[in-house]
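Dear colleague,

Please find the sequence and structure below. My notes on its charged pairs and nonpolar cores follow.

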Amino acid sequence: MPAANFQALIASVAAAASEQSAQWNSADKNASITLSNSDRDATGGSLVSVRSILGRSSGKYYFEITMLTGSASHVVGFANGSFALSTYPGNGASSAGHTSGGNFVNTWTKAQAGPFTLAATDAVGFAIDLTAGKAWVAKNNTWQLTGDPAAGTNEWVSGITGTVYPAAAPSSNSSRIHTKTAELTYSPPSGFSQW
């Protein structure tokens with residue numbers, strides 16, 4: 001192997017090793033939600049929530065939440081650290097969430113509205129530009145609501161401030177969080193890093 005290729009391989013391995021897995025936070029969830037699979041899967045809990053262990057306050061990041069089972073009343077999205085876990089993302093202050101057939105934003109601005117359906121195994125991607133305060137949502141790598149995070153246009157949410165965390169209200173279903181490069185189903189949009 002040429003030296004340049006070997007150095008690139010070493011750099012790639014080192015970068016992957018340094019990534020943090022932002023699994024669900026067992027100390028930051030509603031009591032009726034159960035975690036499994038090394039805290040990557042959240043199950044049950046009606047319309048109450050769980051946050052991830054890793055929040056971000058600046059930069060451009062991407063994460064996914066896969067709906068492992070069902071879709072009805074299953075809400076996935078993001079929220080700040082003071083969002084009440086007794087409700088779902090988008091219903092409590094400083095949060096945004098998407099469910100099959102609807103989307104919700106509270107405190108921040110819903111720049112665009114327009115539902116899309118979700119089903120079991122769908123990967124819902126979130127690209128968040130925390131410096132610009134904007135976020136986009138994708139279903140199975142198709143950016144919804146005419147959004148283009150790489151270009152910074154047609155965002156779903158604007159006005160985002162503070163530190164935000166991936167969040168979910170799995171209802172009677174299960175959600176799996178994906179943040180590391182090796183866990184993601186799809187690549188982050190150009191200019192965004194894995195969460």
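**Salt bridges**

Searching the whole structure gives five salt bridges (a side-chain nitrogen of Lys or Arg within 4 Å of a carboxyl oxygen of Asp or Glu). Please note that this is a predicted model, in which local features need pLDDT of at least 70 and side-chain atom pairs count only at pLDDT 80 or more, while totals for chains, interfaces and linings use all residues. Residues are numbered from 1 along each chain as its sequence is written, and side-chain values use heavy atoms, with hydrogens and water left out.

Strands (E, at least two residues) are DSSP runs, numbered from the N terminus. Asp41 is buried, at 7% relative accessible area, whereas Arg176 is partly exposed, at 24%. Here buried means under 20% relative accessible area, exposed over 50%, and partly exposed in between (1.4 Å probe, protein chains only).

Lys139 pairs with Asp122 at 4.0 Å, N to O. Lys139 is partly exposed at 21% relative accessibility, and Asp122 is buried at 9%.

The other pair consists of Lys134 and Glu155, whose closest N and O atoms are 3.8 Å apart. Glu155 is buried, with a relative accessible area of 15%; Lys134, at 23%, is partly exposed.

**Nonpolar cores**

The largest nonpolar core has 33 residues, of which Phe78, Phe126, Ile128, Trp156, Val157 and Ile160 touch the most other members. A nonpolar core is a set of buried Ala, Val, Leu, Ile, Met, Phe, Trp, Tyr and Cys residues joined through side-chain atoms within 4.5 Å. Two or more residues come from each of β5 (60-69), β6 (75-80), β10, β11 and β14 (164-169). Strand β5 gives the largest share, four residues. There is also a second, separate core of five residues, among them Tyr62, Ala127, Trp136 and Phe192.

With kind regards
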